[in-house]
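Trainee: Please take a close look with me at the aromatic ring pairs of this model, and at the strands around them. Which terms do I need before I start reading?

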Amino acid sequence: MLGHTQESLMRWTILCLFLASSLCYHQSRNLEDLEFETVALYGNTEVVAYYYTILLMGNPAQEQAVIVDTGSSILNFACSNCPQDYCGTHQHEHFSIEHSTTFAELTCAEVGSCAACREDRCQFSVHYSEGSQIHGVYVQDEIRFDIYAADSDGFRSNFVCNDKETNFIKSQRADGILGLNNKGHLIEDAYRDNPNIDHDVFSICIGHQGGYMNIGAAGPLVEEIGWIPYSEGNQYSIHLEKVTVNGETRSFQTARRPFLDSGTTDVFLETSVYEFVIEQLNEFCKQEGKCPGEKKTKGFDTCWIRPSDQIEDRFFSLFPELVFTFSGFDFAWHPAEYLSGYSQGMKPNNPEQASFYHCLSIQKYGHTILGGPFMKNYNIIFDKGEKMVGFQRATCRPPISDREHYEMIQFILSKAELPKVTVHPRLEHESEVAEDSLSPKSDNHWKIYTLVAVVLGL
């Protein structure tokens with residue numbers, strides 16, 4: 001593997017243990033010399049409520065739009081063998097297994113570890129506390145990334161054909177989920193035979209409108225990378241030491257480590273962390289001239305309505321940064337990221353006012369989940385070989401034109417039968433046949449919004 005040797009990494013680790021300083025999060029290995037491929041991401045947290053990419057499945061290729069989700073491990077979407085009314089109407093037609101010459105059913109032995117085997121087919125099932133469910137079986141086919149990478153090589157990988165979807169899973173516009181957590185294997189499958197791509201490394205960069213995913217390296221290193229280790233297990237769990245808001249700092253020892261989950265629309269904070277952040281935010285806002293505009297609170301939502309004569313940059317400058325310290329690295333969460341657009345629970349009656357709504361994308365929960373808004377405008381590097389996560393400030397512009405992104409969002413919204421969603425946290429749990437370990441998510445994860453003007457003005 002390219003980069004530091006094991007000996008140098010050991011010396012670096014020992015140095016960090018002694019110094020316990022910012023040196024501990026400098027680059028742990030040299031990624032500048034690695035080749036990488038870039039995949040376009042579409043969507044946002046405000047309107048589409050997730051970020052997704054396009055996979056080309058089977059031969060001949062069929063497009064499937066899948067949510068990029070670092071909180072789950074498996075690729076899954078509805079297939080043509082799903083009984084009528086058991087799976088939802090999504091962005092594309094259900095994947096036709098009959099029309100793919102490379103499709104293969106798998107026996108339980110071929111899959112390997114099966115939580116449940118029925119009629120020699122490996123079962124997959126995940127249940128959500130609000131009632132949603134995914135059920136399917138493991139299969140295999142040829143896959144290529146992204147409609148803009150038509151010349152890229154295909155690869156074979158296992159995935160799940162959904163044969164049952166309910167509630168929000170059934171009504172979402174995306175076809176499925178691309179699980180990329182520490183247990184996931186799809187990227188390793190894609191590039192294991194390419195000697196120039198390090199298949200242990202990928203990065204996700206999500207902006208306000210779309211973004212990109214680099215596979216094989218971080219991409220151009222225009223900013224210093226802050227590196228921190230993550231824990232063993234399915235999730236990219238990192239150690240939270242303290243939080244600083246409004247000049248006040250508090251240390252925390254949470255029962256469960258926070259983890260990075262790009263598939264969650266909001267950021268959920270463990271109760272003690274949440275209460276400290278909100279308390280200090282409220283204290284900051286008491287100062288004259290700070291946090292301008294009318295403040296509205298309804299249910300789980302807190303929003304500020306920006307004065308019509310104030311530009312966004314000026315508005316955001318009057319809110320505090322929230323600084324989270326992870327293993328010695330100070331992560332600055334800017335107001336433009338934690339104040340998202342309007343929420344489903346509190347959206348304006350007049351669509352023209354939508355761009356002036358800025359809602360807090362933080363909710364209280366039993367443990368901390370660092371969802372999409374937390375990851376915005378950072379190129380976040382997942383180095384599975386070294387068990388490190390790197391944070392690099394970036395603009396996260398997708399490698400496509402604004403027009404292409406706009407047309408993609410219009411396509412989603414024009415086909416959507418837009419549901420009303422009650423906003424509250426919901427806990428996912430695995431059934432007795434679950435292979436996956438999906439993270440808890442907000443109902444916001446499945447909401448679809450209508451206002452294209454907010455998207456562009458996604």
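Mentor: Rings of Phe, Tyr and Trp (its six-membered ring) pair if their centres lie within 6.5 Å, and planes under 30 degrees apart count as stacked, over 60 as edge-to-face and the rest as tilted. The model is a predicted one, in which local features need pLDDT of at least 70 and side-chain atom pairs count only at pLDDT 80 or more, while totals for chains, interfaces and linings use all residues. Residues are numbered from 1 along each chain as its sequence is written, and side-chain values use heavy atoms, with hydrogens and water left out.

With that cut-off, 26 aromatic pairs are found in a search of the whole structure. One of them joins Phe124 and Tyr138, an edge-to-face pair with 6.2 Å from centre to centre and 90° between the planes. Phe124 belongs to strand β7 (residues 121-128) and Tyr138 to strand β8 (residues 133-145), 14 residues apart, so the pair links distant parts of the chain; strands (E, at least two residues) and helices (H or I, at least four) are DSSP runs, numbered from the N terminus. Both Phe124 and Tyr138 are buried, where buried means under 20% relative accessible area, exposed over 50% and partly exposed in between, with a 1.4 Å probe and protein chains only.

Another pair is formed by Phe268 and Tyr365, and it is tilted because the ring centres lie 5.3 Å apart with the planes at 55°. Since Phe268 sits in strand β17 (residues 267-270) and Tyr365 in strand β24 (residues 362-365), this pair ties together parts that are 97 residues apart in sequence. Phe268 counts as buried at 1% relative accessibility, and Tyr365 is buried as well, with a relative accessible area of 16%.

Ring pairs also build a cluster, made up of Phe324, Phe326, Phe329, Phe331, Trp333, Tyr338, Phe374, Tyr378 and Phe391. β20 and strand β21 (residues 329-333) run antiparallel and are joined by 5 bridges, two strands being counted as paired if DSSP finds at least two bridges between them. Within this pairing, Trp333 of β21 stands opposite Leu322, and the two strands form a hairpin with 2 residues between them, where Ser327 in the turn has a positive phi of about 45°. β20 has a further antiparallel partner in strand β14 (residues 240-245), again through 5 bridges, and in that pairing Val323 is the bridge partner of Thr244.

In the hairpin of β1 and β2, 5 residues lie between the strands, and Ala49 takes a positive phi near 80°.
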